[in-house]
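Here is a briefing on one protein chain. Look through the sequence and the structure first, then read the points below.

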Amino acid sequence: MAACALRRGLLSTVTKYNRKHSHRLLVTAADSSGGWDVFRRRLQCRVCGLTALHGSLLHPQQQRRGMSSRPEGKILETVGVFEAVKQHGKYETGQLFLHSVFGYRGIVLFPWHARLYDRDVTPPMSDSKPEPPGAHGSKEVKGKTHTYYQVLIDTRDCPHISQRSQTEAVTFLANHDDSRALYAIPGLDYVSHEDILPYHSTEQIPIQHELFERFLVYNPSKTPPFTPRDTLKAWQEKNHPWLELSDVHRETTENIRVTVIPFYMGMREAQNSHVYWWRYCIRLENMGSEVVQLRERHWRIFSLSGTLETVRGRGVVGREPVLSKEQPAFQYSSHVSLQAPSGHMWGTFRIERTDGSHFDVRIPPFSLESNKDDKAPPAGYTF
């Protein structure tokens with residue numbers, strides 16, 4: 001009988017077994033010491049009894065409905081029933097899922113359609129153009145439509161996503177009187193279609209987040225059984241300019257894949273000039289088996305005003321993450337401002353191997369484009 005596949009220590013779903021194998025989704029609870037611990041989510045096939053490891057965390061007090069005990073003192077808890085991964089189409093609002101890389105529980109709010117520019121995909125020779133002098137590995141990249149989702153993260157998992165610099169990934173400008181003031185909407189994330197591992201639960205409130213009941217209502221006659229309230233539709237419409245992602249850029253160097261998603265945040269006036277703000281989300285993923293560590297960053301930031309800025313420093317957001325088979329990915333967000341409505345960024349990450357040698361990983365160049373229409377402050381928690 002076929003086993004459930006593993007991808008770099010994390011779960012990869014094999015859809016051809018889904019009709020014969022229904023999967024019970026399990027989460028390991030605490031060790032016998034009663035302290036905080038690092039755990040693994042597991043998908044267990046009811047037919048073959050095999051269990052696939054999945055990286056995640058859980059509070060030790062959540063030990064109700066224990067399924068089985070382990071010699072090391074950990075307890076499995078039922079979360080829900082695993083569903084078939086969608087190879088085509090999109091997931092609907094209210095779909096429960098596990099994040100295939102970061103392991104947290106979440107629920108889909110609504111989808112976005114972005115243009116994915118993958119520099120790992122070589123264009124046909126007839127379409128390629130010679131690189132201009134001084135270009136950063138420049139080549140023509142044709143974008144393709146790809147589905148991303150705005151999701152809510154279960155707050156029980158937020159403190160334990162060690163591969164993220166923060167789980168409050170959505171920041172915005174809200175105060176026109178302070179051009180540098182940044183605010184955060186907690187517990188929101190952007191998730192690529194292939195990162196979603198869908199499941200369903202009989203719980204009416206399976207995700208703990210203060211916006212869950214404001215945005216969604218339980219309706220057992222629907223599939224999925226969580227349908228959007230009018231408040232979610234109104235919030236999405238009002239905040240659409242701040243939340244929407246349009247471009248995603250990806251490039252791999254020596255098995256280290258870098259994915260960048262830029263977001264335009266808005267324009268503020270400061271000292272009789274206009275300042276344009278962007279946030280950008282970066283994910284580094286180790287596609288190989290060698291353990292490496294990010295040591296330095298080197299950015300080049302070009303503004304339409306004609307300036308070219310160089311930024312070099314240790315690590316990213318104060319950290320120097322290790323990328324291994326156990327924890328292959330790290331994600332963080334940062335911000336940049338220009339005194340021009342557009343520009344672009346590119347650069348490298350200095351990566352160190354275990355033997356002390358280094359190599360540079362390319363950050364794919366991406367545009368910083370502003371929207372023509374100025375934006376009103378986001379609705380936040382106003383309903």
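A residue is called buried under 20% relative accessible area, exposed over 50% and partly exposed in between, using a 1.4 Å probe and protein chains only. At 6% relative accessibility, Y280 therefore counts as buried. This is a predicted model: local features need pLDDT of at least 70, side-chain atom pairs count only at pLDDT 80 or more, and totals for chains, interfaces and linings use all residues. Residues are numbered from 1 along each chain as its sequence is written, and side-chain values use heavy atoms, with hydrogens and water left out.

**Confidence**

- pLDDT is the predictor's confidence in each residue, from 0 to 100. Its mean over the chain is 77, and 69% of the residues reach 70 or more.
- Residues 1-22 have a pLDDT below 50. Beyond near neighbours in sequence, this stretch has 58 contacts in the model (contact means heavy atoms within 4.5 Å).
- Residues 26-74 also have a pLDDT below 50, with 148 contacts in the model beyond near neighbours in sequence.
- Where pLDDT is low, the predicted coordinates should not be read in detail.

**Overall build**

- The chain has two helices and 25 strands. Helices (H or I, at least four residues) and strands (E, at least two) are DSSP runs, numbered from the N terminus.
- Of the 383 residues in the chain, 50% are buried.
- Among contacts with a separation of 6 or more, 67% join residues 24 or more positions apart.

**Nonpolar cores**

- A nonpolar core is a set of buried Ala, Val, Leu, Ile, Met, Phe, Trp, Tyr and Cys residues joined through side-chain atoms within 4.5 Å.
- The largest core has 54 residues; Y104, I107, L109, W235 and L245 touch the most other members. Strand β9 (residues 105-118) gives this core its largest share, seven residues.
- A second, separate core holds 28 residues, including I256, F349, V361 and L368.

**Strand pairing**

- Two strands pair if DSSP finds at least two bridges between them.
- Strand β19 (residues 273-286) pairs with β23 in the antiparallel sense over ten bridges. I282 has Y332 as its bridge partner in β23.
- Strand β23 (residues 329-338) is mostly covered, with seven of its ten residues buried.
- Strands β24 (residues 342-353) and β25 (residues 358-369) pair in the antiparallel sense, again over ten bridges. G347 stands opposite I363 in β25.
- β24 and β25 form a hairpin with four residues between them. In the turn, G356 has a positive phi of about 95°.

**Aromatic pairs**

- Rings of Phe, Tyr and Trp (its six-membered ring) pair if their centres lie within 6.5 Å; planes under 30 degrees apart count as stacked, over 60 as edge-to-face and the rest as tilted.
- The structure holds 13 aromatic pairs.
- The ring centres of Y190 and F263 are 4.7 Å apart and the planes are at 40°, so this pair is tilted. Y190 lies in strand β13 (residues 188-192) and F263 in strand β18 (residues 256-270), so the pair ties together parts 73 residues apart in sequence.
- Y190 is buried at a relative accessible area of 10%, and F263 is buried at 3%.
- Y280 and F366 have ring centres 6.1 Å apart and planes at 45°, so they too are tilted. Y280 lies in β19 and F366 in β25, so the pair ties together parts 86 residues apart in sequence.
- F366 is buried, with a relative accessible area of 1%.
- Y280, W299, F349 and F366 form one aromatic cluster.
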